[in-house]
Amino acid sequence: MHETSEHAVHQHAPPTSFIRKHIFSLDHKVIGKQYYGLALLAVFIGMVLSWLMRIHLAWPTWPIPGLDKLSAVGAPAGVMTPEYYLSLMTMHGTIMVFFVLTNAPFAAFGNYFLPIQIGAEDMAFPRFNMMSFWTTFTAFLVMIAAFFVTDGPPISGWTAYAPLSAVGKDAGPGLAMGQNLWAISIAIFCIGSLLGALNFIATTLDLRTKGMSLSRMPYSTWAWFVTAVISLLAFAVLLPACILLILDRTAGTSFFIPSGLVLSDRLQPHAGGSVLLWQHLFWFFGHPEVYIAILPSIGIVCHILPVFARKPLLGPRATIGCMIAIGFLSYMVWGHHMFVSGMNPFSANLFSVPTLIITIPATILTLLLIGTVYGAKMRFTTPALFCLGFISVFISGGISGFFLAQPSLDTYLHATYFVVAHFHFVMAVASIFGVFAATYFWFPKMYGRMMSDTLGKWHFWLTFIGVYCIFMPMHYLGLAGNVRRYSAFVDDYLIALIPVHKFITIAALATGAAQLIFLFNLIWSRFRGPIAPDNPWEGTSLEWSTTSPPPFDNFGGRHMVVYQGPNEYGVEGTANDYVMQTSPEKIVTG
Amino acid sequence: MRSRYFTALAVAVLLGSGMLVFAKPPAGSGSITGKVTYTGTPPKMKPIDMSKEPSCAKQHATPVLTENVATGPGNALQWVVVYISAGDQGSTAPSQAVRYDQKGCQYLPHVLPMQVDQGLQIYNDDQTSHNIHPLSKINAEWNKSQPPGSPAIDTKYDKPEFIPVKCNIHPWMHGYFIVLNTSHYAVSGEDGSFDIKGLPPGKYTVTAWQEQYPAQSQEVTISGSEAKTANFVFKVLPY
Amino acid sequence: MSESEMALSAGQSGHGAFMEPSPYGIQSKKLTMWLFIISDAVTFGAILMVFSYLRAGTPNWNAPFRFSPSIINGMVMTFVLLTSSLTMLGAVEAAKAGRKAASLKWLGGTVLLGTLFAVLHIREWFHMFDEGWRLFQNPTGGPVIFGAAFFSITGLHLMHVISGVIALIVIAIGYSTDWLDANHVETTGLYWHFVDLVWMFVFPLVYLMNASR
Amino acid sequence: MGKLFAAVVFVITLISVAIFVMHTWWLPIDISTTGPAVDRQMNDTMIGTGILFLAGQLVLGVFVWGSSSRKSGRKIRIFPGGATPLVTAAIILVGLEILTLTFVGSKAWGAIYLTPPAANSLRVDVQAEQFAFYFRYPGPDGQFGGLHPDKIDDGSGNYFGLDPANDIAARDDIVVGSLVVPVNRPVELTLHSKDVGHSFYVRELRVQQDFVPGLDIPLHFTATQTGKFEIVCTQLCGLGHYNMKAYLEVMPEDQWEQWLKSQAGQ
């Protein structure tokens, strides 16, 4: 619970043994890279799962070569069973939401750059930091273990709705050991995330270098800070929810299971619980989780875009205000996931209004980003393109939120592909675009080498067009009433929609293949990329005031003093068109 | 309707008892035959609405009925398993596997007797995915789906048990695996008759099992190659 | 390590000349303890919400706690825990004033009272087990969910008390050997008071509102 | 590069919008009395957000196009008026849209979920289970028999858990696998779930409602056209979720009465 000694914490001599240096490292930079590596592994698994699902949806009778080796029961002769499809879907959702979207933009880049951006040597509690990574990693191993238990991974979706997730094996395959591992993994993940959130908040509040007032913090730091606050409260609810779920599953309690249920012809011995209770607890976490995934990317884009636009971000105060407003409102809207869930229909209106109100700060953020592009002298590097792409997909994904926030339309669109399109655009694609922008932007700092811009641009164009080909048609499917989470389409009106699914599948395979360019670029540049200068993009924030990569204590024993905000681009009358945060020169604003 | 029962009966008798007994040199030549009937008003078998699975619905000209109390002319009671519960247990499991079909969203046969450790092959003959979930308590429970065109599920049971089988996809699909220690068994046909052959001389307890009503037993002693008769009467209720 | 950073690790403000002042003017550890308490309060809030939700949704909710011995026992436990908060206060005050021996005595008292609370609680649990209470069983014929709710809430709190007692012992040993300082005592004190505060919600909600008439 | 980006965004936006406008894939016919309000709301939202979408993407494209200008000596320009006009515009425009949508939309919602069913409604009980829907009509006596989960037995067709041996009201209950209703008559459904969460979704009725285990959820509608429509499950309920469906058959009143009689005879 307590750091036993802070003397150890602020030791300056870097560790020399391989294990202390690369595995159980206390260095936030190493931990950040570890998170990034974990997210990369997870996103690869998650993407392959989505490929398998997409192929099955478009061509359900095709045997997929080798799939029977992965699971002989789940895919006899390579043809997926309905439950295996649901297993893959559950694992895709869980892995992507928890181990990619929570880890990559927040934990990975936040760990690496938050301390540097505020001029600190490390996080406030390096040992906690190490613990949070290894806790998260354990959670990941437990989750992956679900692939290898007898009847496979759980089939209850990433939302694990009770009682499907709570009653055990009678509810179907994958709901015995697989679901146990799922619940345990998520509980462990919560602990890791809570530790991380504590650390982020304490670091941001307490370790800012001289002159780094809150208003001078870069937007990315602000976003990580707000995200940490959201995590601190959100995971604190998911943790007990998961523990109660585990109790229901293993200790015979009935928190989420009402009486008189008959599954597999067996009257269940549970009584007295409430199904909606799980939904309330889950979505109280689940909706803020959406902002945990997207806010860091918003912050990253707000941080990166001005660098390439060569002009300050429009409305810095409004930007930060909007982030805080989104974080605050995210706790009042969970019920919009439950409009048709059987909760009191009056409350639908109560949840609908704040949900629609969230669109106001989101719109402001988008408009400010667009306004920043206005009149800019844009440098179209790969990270800049990903930032612009982010704005585009964020608009596309945000717009559909207007539909889903209204209960009267949700009666038609709920649980259709419209929802799938919405959250993939606004939460997954937008967030991942932020991660891509961040990777291309910060890679030189992290590894001291530049990434290939040519490959990067190929990657961008294929991905940008690809995601529109995948997710835009899903809106049309949703309008036609195509239900999500179906492993095959047997209803008459759904059979008519299969050609659209084939188009989406081809687009998904192509877009997925385009990610290999990114992977190649990442690995190739790590060893062969041109050596990066300290400030290749002419940025102002503190990470550009140190070497690439930064030394063990980030600034080589120097104590940075900050004189400016992070936003001084396009400044006239100075040597360059920008002023570093560490530069003491006076800026004359005209 | 009638022909379907005959087919099912033929499959049951052929696979379940007759063939296995004839496939080996009979250990004895005694036999027990008889008829299973009911008294009282049997419950009305309900038509099964298969409209949610059109590929199955169109295989049946008239709706299929539930089979939990299947009756025939002359108060005959079908799908009753008659077996030797005490006495000579006959031979061990033959190498020939029993076959269980899923056709037209029905289990064929409705009641499938087999011996401990005898092979069991489950086929999906439909154009839709089925799920086989034998609700065993003594044997290990499993629950597998079988997409159309996938290979047969090959399995066996190593302990005697009466196992209800259900399809988790089509809730009306219900059947029974009857795993027996003995090789002396038969299933009553549509006329209620059964025939257990190849019994060596000795004292036997013959038990008749029906899925909904309590099982009944009779003591039968066979000397030489006697053909004994044992009739069973189940008391049924309309509800 | 520079002088100022030594000051950072040991100093009261927690900040040297090269740092922005912390907005709350407290040590990082203490700040983090506050943050942990907020987070933990949300966790307790969630589980108490679960309890209230289930209670509101169960028409035949039962009130199994008779005044004697259950409520009396609960009152004694409350008294013990409240007193332990007082002794903790003594320990923190003494530590701040540098009166180490006194502080250690107060800490010892807190550990004893905390342990007494845990013992009383576990004794009560065992009584209830004897009566037939389980996570999934209600011997009074009322809703079975009562057992689950009761044991999970009190169990979570008991876990906090026990880990608090262990933390206090570690802190006391550390403090007595100069390995830890007065700040650690104070930070642990925050946690202990929080655990006490939570009980002030648990006791009325779980015991008093389920007292049989 | 900026012009390329702008061009790609334009093309994507225009194609996307064109497909929406052409109604290539669209909502099916509307057969319920409450549906038109939902459709109107859908159209209004579509127009309102469509304009926002077009404006957002096109303005982004135009700005990116402009920002890529290679004119030498060009200076950066700040958005006229800074952030204030944008913030104000967002608050007013989006705020107005929200207010309108909420006021109009809550009526459409209320008509389905906050209005009690008509007194002459046909009452139908719905039991959802893994993975089928079953529908129960009260039979000639007009009364539903009680439900006893312990009596549920799929093998004998007792999907609801009726107890006809002891409960006379249950004896004439009609249990079928399709929802057959007369046209233009209000129908009041009571949704029960036997096992896990399910959902009742008929696109043509524009309604969706979850089945919640442990709760009886009311739902009502009036169908205005005859025909056969698909009822599907939209709440993940297990391995057969994709195959969980039933048909809604809307018949003329006299034909429906005949159907009911024929069912009661079985």
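Analyst: The account below begins with the core and then turns to a helix, the chain contacts, some backbone details and one further chain.

The model is a predicted one, in which local features need pLDDT of at least 70 and side-chain atom pairs count only at pLDDT 80 or more, while totals for chains, interfaces and linings use all residues. Residues are numbered from 1 along each chain as its sequence is written, and chains are lettered from A and ligands numbered from 1 in the order in which they are written.

A nonpolar core is here a set of buried Ala, Val, Leu, Ile, Met, Phe, Trp, Tyr and Cys residues joined through C-beta atoms within 7 Å. A residue is buried if 20 or more other C-beta atoms lie within 10 Å of its own, exposed if 12 or fewer, and partly exposed in between, with C-beta atoms placed from the backbone. The largest such core contains 398 residues, and Ile201(A) and Ala437(A) have the most contacts inside it. Helix 10 of chain A supplies the largest share of this core, 23 residues. Helices (H or I, at least four residues) and strands (E, at least two) are DSSP runs numbered from the N terminus. The core lies between domain 1 (2-69 + 80-113) and domain 2 (122-264) of chain D, because both give residues to it; these domain bounds come from an automatic or database domain assignment.

What does Ala437(A) touch, leaving aside neighbours within four places in sequence? Its contacts are Ile300(A), Val301(A), Ile304(A), Pro383(A), Phe386(A), Cys387(A) and Phe390(A). Two residues are in contact if their C-beta atoms, placed from the backbone, lie within 7 Å.

The buried residues of helix 11 are Ala318(A), Thr319(A), Ile320(A), Cys322(A), Met323(A), Ile326(A) and Gly327(A). They pack against helix 9 (219-250), helix 10 and helix 12 of chain A, together with helix 3 (83-113) of chain D.

Ala, Val, Leu, Ile, Met, Phe, Trp, Tyr, Cys and Pro count as nonpolar, Asp, Glu, Lys and Arg as charged, and the others, Gly among them, as polar.

Chain D touches chain B as well, in a contact that takes 16 residues from chain B and 20 residues from chain D. The side of chain B consists of 5 nonpolar, 7 polar and 4 charged residues.

Most residues other than glycine have a negative phi, and most peptide bonds are trans. Ala415(A), however, has a positive phi of about 60° and lies in the loop between helix 14 and helix 15 (417-447) of chain A. Ala415(A) counts as buried because it has 23 C-beta neighbours inside 10 Å. Arg206(D) likewise has a positive phi, near 60°, in the loop between strand 6 (198-202) and strand 7 (207-211) of chain D. With 28 C-beta neighbours inside 10 Å, Arg206(D) counts as buried. The peptide bond from Leu108(B) to Pro109(B) is cis, with omega near -5°, and Pro109(B) sits in the loop between strand 6 (106-108) and strand 7 (111-115) of chain B.

Finally, chain C has 6 helices and 0 strands. Of its 213 residues, 39% count as buried. Thr154(C), in helix 5 (residues 145-176) of that chain, counts as partly exposed because it has 19 C-beta neighbours inside 10 Å. Not counting residues up to four places away in sequence, Thr154(C) touches His121(C), Val202(C) and Val206(C).
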